[in-house]
Amino acid sequence: MTQWSGYLGLILQGALVTIELTLMGSVLALIMAFLAGMGRVSRFFIVRAIATAYIEFFRGTSIFVQLFWAYFVLPFAGLSLTPLQAGVLALGLNVGAYAAEVVRGAILSVGREQYEACTALNLGRWQGMRHVILPQALLVMLPTFGNNAIELLKATSVVSLISLADLTFQAQVVRSQTGSTLMPFLSVLIIYFALALIISWGVRTLERRMARGLDGVRV
Amino acid sequence: MPAPIIKVDAISKSFGTFKVLDGLSMQVMPGEKLALIGPSGSGKTTILRILMTLEKIDGGHIQVDGEQLYHMERNGQLLPADERHLARMRQKIGMVFQLFNLFPHKCVMDNVTLAPMLTKGVARAAAEKRAMELLDMVGLADKAKAMPAQLSGGQKQRVAIARALALSPKIMLFDEVTSALDPELVEEVLNVMRKLAAETDMTMLLVTHEMGFAHDFADRVLFFDRGRIVEEGKPDEIFRHPKQERTQSFLKKIIAAGHRV
């Protein structure tokens, strides 16, 4: 049993790496989502073109391949990344491409009358976007952002392929060292699930808080 | 005789193949209260939206307060207005919409103070003081912290009026501001507008189906049909003794529908 608690320690260390990847990847994904999502609704053709190219490319190629490029190919271009950096880069860019479409859709879902109110009040394009459109669009984005974050959490397991000691990687280490298959895989199953639940709960809480006052009931 | 504050000259505007405005011309004097009436699709809302720069024009010219609205004069030439020119011209004009268009995520106070703070650089304290005066004027000083969703339609529309006034425009456009309201809430909004007309010398243009109000409120009534002004005159002339057959038949229909004239 003492031996098992040592192995559990290994798995928990892996969980920390997974959490770290998820958090950092989510931050990058969020930045990319807003850049590309707002780029998609830009007035300027070139900005729209770049945003579209990014989104289509990263949605259209496998996250495995993107990770291998970040870790194995970029060094040939003189850019060597640590496994963690490569993981965050691939995950953030990949999930950011999906989330960018969420940002775009949410911005377009805000009614035309809100844009017209901005014009009538003489707000500039960016002022209207920042103070009127985005705060309303954010509420529309949140539930899908929750999905994206959970997708990202699950996708972090690919980094075990570039020898980053995340949850999945440690489960295999424990399995090969103990010969036990059920225990390590059962524990990582439970940990992934618990982390996903935390994300769901966090996003729901945020959603409730942001919707406060909007329907005239909850204040 | 003072110069007109709005000069609309041969404006045309089409939506697809539908010609909404067909060489429309009109003038508005400073301080004048104008009622625009007519059947739906006659172009009366469109000209208001064009004055607010919410639509593009296909042809013609508009002068507001001595300056071209959609054009800029550069070296004696008239060029299409750029965004900076439009922004400067919009400072002269405020608009209130049929469906209020309040910002649902901001409380009443923030709805009113947002634009003055962002577009005129007014400090928060000064903007809030002015907002309280305006909310008091529209009878909603006690609702400053309320969210729009907590207000009735009439209250929302009064906030929208205060919000537009906060930018101190010279010209106010009212686009069917009571059409979306329950009948018992119409009067509270009209009262605010009466007060506004009595207490300020603002130029006011309103598109309305409230013929009784248009009669009492307006200095001049314009009857629109098919993108043109068919008849215009003092309220009594238009409502009691319309000359044009189209005006007569429109008013007859309105009265048959139960509207008070």
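A nonpolar core is taken here as a set of buried Ala, Val, Leu, Ile, Met, Phe, Trp, Tyr and Cys residues joined through C-beta atoms within 7 Å. In this predicted model, the largest such core has 120 residues. The residues with the most contacts inside it are A:A100 and A:V103 from chain A, along with B:A35, B:L36, B:A162, B:L173 and B:F174 from chain B. Helix α4 of chain A (residues 83–109) puts in the largest share of this core, 14 residues. Apart from it sits another core, this one of five residues, including A:L167, A:A171, A:V174 and A:V188. As for B:L36, setting aside neighbours within four places in sequence, its contacts are B:K44, B:L205, B:L206, B:V207, B:L222 and B:F224.

Chain A itself is simple to describe: eight helices and zero strands. Its C-alpha trace spans about 70 × 50 × 20 Å along the principal axes. Of its 219 residues, 36% count as buried. Among contacts in chain A with a separation of 6 or more, 76% are between residues 24 or more positions apart.

Just past the end of α5(A), A:N122 adopts a positive phi of about 65°.

Helix α6 of chain A also holds A:L138. This leucine has 17 C-beta neighbours inside 10 Å and therefore counts as partly exposed, since a residue needs 20 or more to be buried and 12 or fewer to be exposed. Along the chain, A:L138 and A:F72 are 66 residues apart, and their C-alpha atoms are separated by 36 Å.

Turning to the interface, 22 residues of chain B are in contact with 18 residues of chain A. On the chain B side, α2 (83–90), β8 and α3 (108–120) each supply at least two of the residues that touch chain A. The largest share, four residues, comes from α3(B). By residue type, the chain B side divides into 14 nonpolar, seven polar and one charged.

Conventions:
Residues numbered from 1 in each chain as written. Chains lettered and ligands numbered in written order. Predicted model: local features only at pLDDT ≥ 70, side-chain atom pairs only at ≥ 80, totals over all residues. Contact = placed C-beta atoms within 7 Å. Nonpolar A, V, L, I, M, F, W, Y, C, P; charged D, E, K, R; others polar.
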